[in-house]
Amino acid sequence: MPERFEVRMPDGVRLNVEVTGPADAQVTVVLLHGWTLDGRAWHRQVAALGTAPVGGAVRVVTYDARGHGHSSCMALPTATVAQLGDDLATVIDTVAPTGPVVLVGHSMGGMTIMEYAHRHPAHFAARTCGLVFVSTTAEGHTHTVYGLSPRIARLIRLAETTGAGVLARCGSWRAPRALLNALRPSIRWMLFGDRCDPSDLRLVTSAVARASLRSIGGFRASIGAQHRLDTLAALAHLPAAALVGDRDRLTPPPCAESIAAALPATELTICPGAGHMLMMERPDEVTAALTGVLRRVLAEPPPHSLDATPAGTGV
């Protein structure tokens, strides 16, 4: 069973954290979920890593971003991807204060990793040994056209951003489950590709129901505006992988291709027929990419700054 606890941020926000695996593991994997989701999105990868033969013991950390899942809501000015990058630094210091860390981010989670690298470059360099980017982007909404014509996409984006501004002022309220159940066909169209397991759609709908309206609306502006290709270019020495579905309507293949171009050693995987929820739609491919990065990390002697003490819980 995972160990579950809360980590308090400097501004008082409490993040729900779950940890599996031995405290003396050789490496800690931190899985970061996407916008409106929660740590449960990674349940197949958490289970797979418990038995994966990666050449060493692995500790796995998932947590709910501020305003999501079981984590507490936050003040509206802190509903930014930049703040999420600061939160990640705090989580790492608290939950895995020593030892190498591999960071895995889906959608907003991938953007969180980029913000962490941008805002805390020395901290990032001292701790991070591998990266996996799943259905994410370093260019905001540059490539997001929802699978539609650019003209219609502009109209949808205008309606989306206007609605986000309204939701951001609704505080810790949550969307009624009856409304979300009615919106399931839209959620399925937006997030999934050719195939969708009903249990996955139920999990995603449940996650959206747990997200505060402030987080659903508040993060939209910074997600659309973020541009971090220059930050990624400085990380080209790290083992990395990037995955995307060719039916992804939110972060289509050009998003992953630009990440791979900034990180030339990145293993790029484009999954035919898959949408935005690759860790659910293509769990084996995501797990294989992650274990591939882990094997590369474990095969290399860690830098001196990471080789002092095994990872442990500092809660």
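**Exercise 1.** Determine how α2 and helix α3 (residues 108–119) pack, and which residues make the contact.

*Solution.* Step 1: the axes of α2 and α3 lie 7 Å apart, at an angle of about 75°. Axes are lines fitted to C-alpha atoms, for helices over the stretch in contact, and angles run from 0 to 180 degrees between N-to-C directions.

Step 1: α2 is therefore roughly perpendicular to α3. Angles under 35 degrees count as roughly parallel, over 145 as roughly antiparallel, 65 to 115 as roughly perpendicular and the rest as oblique.

Step 2: from α2, Val81, Ala82, Leu84, Gly85, Asp86, Leu88, Ala89 and Ile92 meet Met108, Met111, Thr112, Ile113, Glu115, Tyr116 and Arg119 of α3; contact means heavy atoms within 4.5 Å.

Step 3: sorted by class, this contact of α2 with α3 has 10 nonpolar, 2 polar and 3 charged residues. Ala, Val, Leu, Ile, Met, Phe, Trp, Tyr, Cys and Pro count as nonpolar, Asp, Glu, Lys and Arg as charged, and the others, Gly among them, as polar.

The model is predicted: local features need pLDDT of at least 70, side-chain atom pairs count only at pLDDT 80 or more, and totals for chains, interfaces and linings use all residues. Residues are numbered from 1 along each chain as its sequence is written, and side-chain values use heavy atoms, with hydrogens and water left out.

**Exercise 2.** Describe the span and the burial of helix α2 (residues 81–95).

*Solution.* Step 1: the 15 residues of α2 reach 21 Å from first C-alpha to last, close to the 21 Å expected at 1.5 Å a residue. The expected span is 1.5 Å times one less than the number of residues. Helices (H or I, at least four residues) and strands (E, at least two) are DSSP runs, numbered from the N terminus.

Step 1: α2 is mostly covered, with 12 of its 15 residues buried. Buried means under 20% relative accessible area, exposed over 50%, partly exposed in between (1.4 Å probe, protein chains only). Among the buried residues are Asp86, Asp87, Thr94 and Val95.

**Exercise 3.** Is Val7 buried or exposed, and which residues does Val7 contact beyond its sequence neighbours?

*Solution.* Step 1: Val7 belongs to strand β1 (residues 3–8). Step 2: with a relative accessible area of 2%, Val7 is buried. Step 3: apart from neighbours within four places in sequence, Val7 is in contact with Val13, Arg14, Leu15, Val17, Thr94 and Val95. Thr94 and Val95 are also buried residues of α2. Step 4: Val7 and Asp87 lie 80 residues apart in sequence, yet their C-alpha atoms are 9.7 Å apart.

**Exercise 4.** Characterise the surroundings of His106.

*Solution.* Step 1: His106 is in strand β5 (residues 101–106). Step 2: His106 counts as buried because its relative accessibility is 0%. Step 3: the His106 side chain reaches the backbone oxygen of His276 at 2.8 Å. Step 4: not counting residues up to four places away in sequence, His106 touches residues including Trp42, Val134, His276, Met277 and Met279.

**Exercise 5.** Contrast a residue of helix α12 (residues 253–262) with those above.

*Solution.* Step 1: Ala261 is in α12. Step 2: Ala261 counts as exposed because its relative accessibility is 58%.

Technical notes. A polar contact is a pair of N or O atoms within 3.5 Å; within protein, one must be able to donate a hydrogen and the other to accept it, and residues adjacent in sequence count only if both atoms are side-chain atoms.
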